[in-house]
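Dear colleague,

Please find below the structure that I am handing over to you. I would be grateful if you could look through it before reading the notes that follow it.

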Amino acid sequence: MISSAQGSISDNMNGRHEVYRSSKSALNQLMRSYAARHADDGRALLLMAPGWIRTDLGGPKAPFSVEESIPKVVDVLISKHGRPGLEYLDRDGNTVRW
Ligand SMILES: NC(=O)c1ccc[n+]([C@@H]2O[C@H](COP(=O)([O-])OP(=O)(O)OC[C@H]3O[C@@H](n4cnc5c(N)ncnc54)[C@H](OP(=O)(O)O)[C@@H]3O)[C@@H](O)[C@H]2O)c1
């Protein structure tokens, strides 16, 4: 699932983008619930916070291009393969606080 660092409630010190933040927090909650219900099935579940990227949504001021971001996102996806359970990770593979 493509989440966002803006979905983190713990790291929300600046506010702004409240509706977007809320939608990603809701996605995170949905995945927490799914993972809890299916705790025994051994699937790898990932909430990805890809960073601020220059797309239509991210806008021209975002620091990272799609070309430099997506390989990192894919690396994290591949590294998660075979590691059961839900994690909320950024594109460097670091855990994001809920
Ligand atoms: N860019 C960032 O900085 C950033 C950071 C964190 C997370 N994310 C997340 O990454 C994901 C992709 O974002 P992006 O930056 O690549 O955004 P984007 O360039 O604006 O692309 C959004 C994509 O969603 C599709 N879409 C929008 N509304 C839709 C709908 N109602 N039904 C079906 N498809 C719809 C668009 O399709 P059309 O092209 O056909 O309109 C487009 O392909 C999003 O979940 C976003 O929240 C982005």
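The notes below go from the overall fold to the helices, and then to individual residues.

This is a predicted model, in which local features need pLDDT of at least 70 and side-chain atom pairs count only at pLDDT 80 or more, while totals for chains, interfaces and linings use all residues. Residues are numbered from 1 along each chain as its sequence is written, and side-chain values use heavy atoms, with hydrogens and water left out.

**Overall fold**

The secondary structure comes to two helices and two strands, in the order α-β-α-β along the sequence. Helices (H or I, at least four residues) and strands (E, at least two) are DSSP runs, numbered from the N terminus. The C-alpha trace spans about 45 × 30 × 20 Å along its principal axes.

Of the 98 residues, 32% count as buried. Here buried means under 20% relative accessible area, exposed over 50%, and partly exposed in between (1.4 Å probe, protein chains only). Among contacts between residues at least 6 apart in sequence, 54% join residues at least 24 apart; a contact means heavy atoms within 4.5 Å.

**Helix α1**

Helix α1 covers residues 18–37, 20 residues in total, and reaches 28 Å from its first C-alpha to its last, close to the 28 Å expected at 1.5 Å a residue. The expected span is 1.5 Å times one less than the number of residues. The buried residues of α1 are Arg21, Lys24, Ser25, Leu27, Asn28, Met31 and Ala35. Seen down the axis, these residues fall within an arc of 155 degrees, so they line one face of α1. The arc is that of the directions from the helix axis to the C-beta atoms. The buried residues of α1 pack against β1 and β2. On the face turned away from that buried side are the exposed residues Glu18, Val19, Leu30, Ala36 and Arg37.

Most residues other than glycine have a negative phi. Arg16 counts as exposed because its relative accessibility is 58%, and His17 counts as partly exposed at 48%.

**Helix α2**

Helix α2 (residues 66–80) has 15 residues and a reach of 21 Å from first C-alpha to last, close to the 21 Å expected. Ser69, Val73, Val76 and Lys80 are buried in α2. They cover an arc of only 60 degrees around the axis, which puts them on the same side of α2. What covers these buried residues includes β1 (44–49) and β2 (85–90). Glu67, Asp75 and Ile78 are exposed on the other side of α2.

In the loop between β1 and α2 lies Ser65, which is buried with a relative accessible area of 14%. Not counting residues up to four places away in sequence, Ser65 touches Ile53 and Arg54. Just after α2, Gly82 takes a positive phi of about 85 degrees.

**Aromatic rings and charges**

The structure holds one aromatic pair. Tyr88 and Trp98 form this pair, which is tilted, at 5.1 Å centre to centre and with 35 degrees between the planes. Rings of Phe, Tyr and Trp (its six-membered ring) pair if their centres lie within 6.5 Å; planes under 30 degrees apart count as stacked, over 60 as edge-to-face and the rest as tilted. Tyr88 is in strand β2 and Trp98 in the segment after β2, ten residues apart. Tyr88 counts as buried at 1% relative accessibility, whereas Trp98, at 33%, counts as partly exposed.

Trp98 also has the charged end of Arg32 over its ring, 4.6 Å from the centre. Arg91 lies over the face of Phe64, at 3.8 Å from the ring centre. A charge sits over a ring if NZ of Lys or CZ of Arg is within 6 Å of the ring centre and within 35 degrees of the ring normal.

With kind regards
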